[in-house]
Amino acid sequence: MTTALSARVARFPFPFATDSYRYSTNVEPARRPTTTVAGGWGSGVLDVDDDYAAELAERRAVLAADPTRCQELPHMRVASWDALTTLLPDLAALCPGTTVLDRDGDRWTWRNELLGTARTFTVGDDDSLPEGPLAFLGSQIQEDVVLLDQREGALWADAGLVTFAADWSMGFDVGMRFLEVHGPVPRVHETGVIPRAEQFLMRLQPGEEYRRTNWTMTVDRRLDASTETYAEWGRDRRLVVDDPALPDRLHLRVEVQHLIRLGVSNAICFLIRTHLLSLRELATVPEWRARFGAVLAELPDDMADYKGLTRFRAAAVDWLTAS
Amino acid sequence: MTATLTAPDALRADDGRLVLEVAGVVDEVPGVRTLALRRPGGGLLPAHPAGSHVVLDCGDRRNAYSLTGDGSAADEYRVSVLLCPGGGGGSAFVHRLAVGDVVTASRPRSAFAPVSTARHHLLIAGGIGITPMLSHARAAVRWKRSFELLYGHRPGAGAYLDELRGLCGDRLAAHGSTAEMLAAVRAALADQPLGTHVYVCGPAPLIAFVEETAAELGWPGERVHAERFSAADLDPGEPFTARLARSGTRVPVPSGTSLLVALERAGVAVPNLCRQGVCGECRVPVRSGRPLHRDLYLSETERAAGDSVMCCVSRSVDDELELDL
């Protein structure tokens with residue numbers, strides 16, 4: 001096992017506590033270190049790892065090819081500034097040796113040696129950050145960002161920079177209500193999971209931070225599995241089944257999602273950090289191999305279908321449960 | 001804005017309360033005292049939306065006071081408190097505080113934030129109700145939102161008048177007589193661009209006037225926002241009995257005691273935060289009996305369903321209310 005690989009395994013947020021998985025409103029307070037059998041995760045909100053520069057280069061490339069991945073309805077500009085001014089100090093605290101934030105009132109200077117960034121801007125002055133605060137934030141953190149406005153007793157997904165979506169599209173969802181965004185998810189409507197989650201989020205008070213995990217599977221280390229690029233990755237889900245390299249190509253994709261009530265704008269900042277671990281890497285931890293094999297085998301068909309696992313599920317279970 | 005809350009028997013210890021030192025005391029106008037509050041060691045305080053409040057520990061009570069800043073993270077909060085000699089003692093406590101005193105307060109809580117999609121914000125303040133509106137006006141200036149402020153005050157008793165004139169310019173209209181103020185409110189409500197939201201804070205009659213006039217002029221209800229001096233305005237209510245369905249216990253709720261306090265005294269723990277019918281935390285399921293809803297949280301549909309009650313402020317129409325506890 002290489003050092004890089006073991007670091008990836010050690011930091012991986014393995015999401016399954018039991019041998020079966022159902023949707024739930026699985027939120028917990030943020031910044032709680034969580035121990036796994038291989039290591040741990042979750043002491044902060046933002047997460048910078050060895051893939052930082054590579055993933056941000058990939059985000060730049062995705063955005064250059066398709067600028068619609070960054071969406072902001074006009075009334076969300078305050079929320080975008082709010083997200084930037086909330087999270088840059090967090091990033092500076094996380095990376096004290098390589099990033100520096102100087103604040104002189106509203107005049108902020110940001111230096112990031114990891115990317116060679118040096119920028120000075122004035123908080124609230126759109127001209128001082130021509131690409132916009134949301135796009136600039138997205139150039140500095142590995143997380144995808146969605147900003148939800150709260151009004152008329154509902155949350156609205158009115159801005160976002162999402163380049164690493166797992167089979168959805170920010171450009172399609174922008175302007176939708178929270179309940180509409182989650183319309184296609186099976187089971188959660190009958191069980192009240194989504195309305196409960198929305199009620200919970202709408203009651204978050206300024207500065208409160210929670211998190212949850214979600215998961216699916218992806219063929220290859222493909223962060224950009226958004227609806228827009230389906231033509232590039234959709235067929236791999238069929239082709240991987242007969243590929244001898246299946247355990248190296250099939251990845252468990254875990255999203256660590258943070259939910260933060262931004263102070264100034266009252267928006268909810270939804271951060272999505274995507275972690276990919278191949279079945280072969282996962283199998284270096286025997287408990288994870290057994291548990292994920294059991295979860296995949298037990299998963300009801302409608303959930304497997306929604307997650308896009310149907311084509312390769314049996315092959316994955318076979319490999320995971322083979323002795 | 002001030003809401004006086006009866007001190008609960010057991011305060012939550014884990015709600016991350018702020019420890020603040022009085023760094024300045026200014027009397028804006030006779031009877032209105034402004035406190036500048038800072039962290040004892042210095043440092044930034046949490047940011048908040050315009051119109052937020054903190055709940056300050058005032059001796060044996062907790063009072064909610066509006067924060068008057070624009071909400072950006074800063075090293076100081078300011079609250080302005082009107083001395084109410086006949087009140088519950090919270091304002092007198094605040095008026096006794098001196099520079100160097102240390103107080104505890106909740107983190108900022110938001111229940112009166114500006115609506116981001118509004119094309120124009122009409123702010124209406126009466127008396128000490130100016131405090132959340134000062135926050136709204138400051139945030140509107142900082143974020144370049146279109147707004148205007150109508151401020152009714154007693155002659156010579158307009159807190160923050162000079163500062164507001166500098167901040168708002170001709171977007172401020174201040175009125176020293178009630179008749180003038182109400183005429184100005186009516187005129188303003190009658191002539192606004194589509195997409196305007198109106199926000200009002202002040203005495204109950206002013207809020208009622210704004211709501212009734214807006215309704216009469218055809219304003220959609222969701223574009224009218226009011227910050228009430230909620231719990232302080234509520235009457236003590238009729239006594240009733242809460243019957244706890246699971247244990248069979250009967251808990252008497254005397255006039256002047258909230259259902260929440262009665263439950264707590266009976267040893268029943270109910271999650272709660274604001275204790276003024278705003279936050280939604282203390283919702284309790286109802287099995288039978290008709291709740292007398294006095295909260296600002298439940299929707300009309302939820303009220304009509306009659307199957308839950310916000311026990312911090314609401315009571316019972318019937319002599320007995322059966323709770324699923």
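Mentor: Let us begin with contacts: two residues are in contact if their C-beta atoms, placed from the backbone, lie within 7 Å. Please keep in mind that this is a predicted model.

Trainee: Which residues does Leu148(A) touch, not counting residues up to four places away in sequence?

Mentor: In soluble globular proteins, nonpolar side chains tend to be buried together. Here Leu148(A) touches Leu155(A), Trp156(A), Ala157(A) and Phe178(A), and also Ala267(A), Ile268(A) and Phe270(A), once residues up to four places away in sequence are left out.

Trainee: How many residues has the largest nonpolar core, and which have the most contacts inside it?

Mentor: The largest nonpolar core has 104 residues, and those with the most contacts inside it include Leu148(A), Ala83(A) and, from chain B, Ile124(B) and Leu149(B). Helix 3 of chain A (residues 77-94) gives the most to this core, namely eight residues.

Trainee: Why does this core lie between domain 1 and domain 2 of chain B?

Mentor: Domain 1 (2-105) and domain 2 (120-230) of chain B both give residues to the core, so it lies between them. Another core, of 20 residues, lies apart from it, with Trp288(A) and Leu320(A) among its members.

Trainee: And what should I look for in phi?

Mentor: Most residues other than glycine have a negative phi. Arg31(A), although not a glycine, has a positive phi of about 65 degrees; this residue lies in the loop between strand 1 (28-29) and strand 2 (34-36) of chain A.

Trainee: Is Arg31(A) buried or exposed?

Mentor: Arg31(A) is exposed, because 12 other C-beta atoms lie within 10 Å, and a residue counts as exposed at 12 or fewer.

Methods:
Residues are numbered from 1 along each chain as its sequence is written. Chains are lettered from A and ligands numbered from 1 in the order in which they are written. This is a predicted model: local features need pLDDT of at least 70, side-chain atom pairs count only at pLDDT 80 or more; totals for chains, interfaces and linings use all residues. A nonpolar core is a set of buried Ala, Val, Leu, Ile, Met, Phe, Trp, Tyr and Cys residues joined through C-beta atoms within 7 Å. Helices (H or I, at least four residues) and strands (E, at least two) are DSSP runs, numbered from the N terminus. Domain bounds come from an automatic or database domain assignment.
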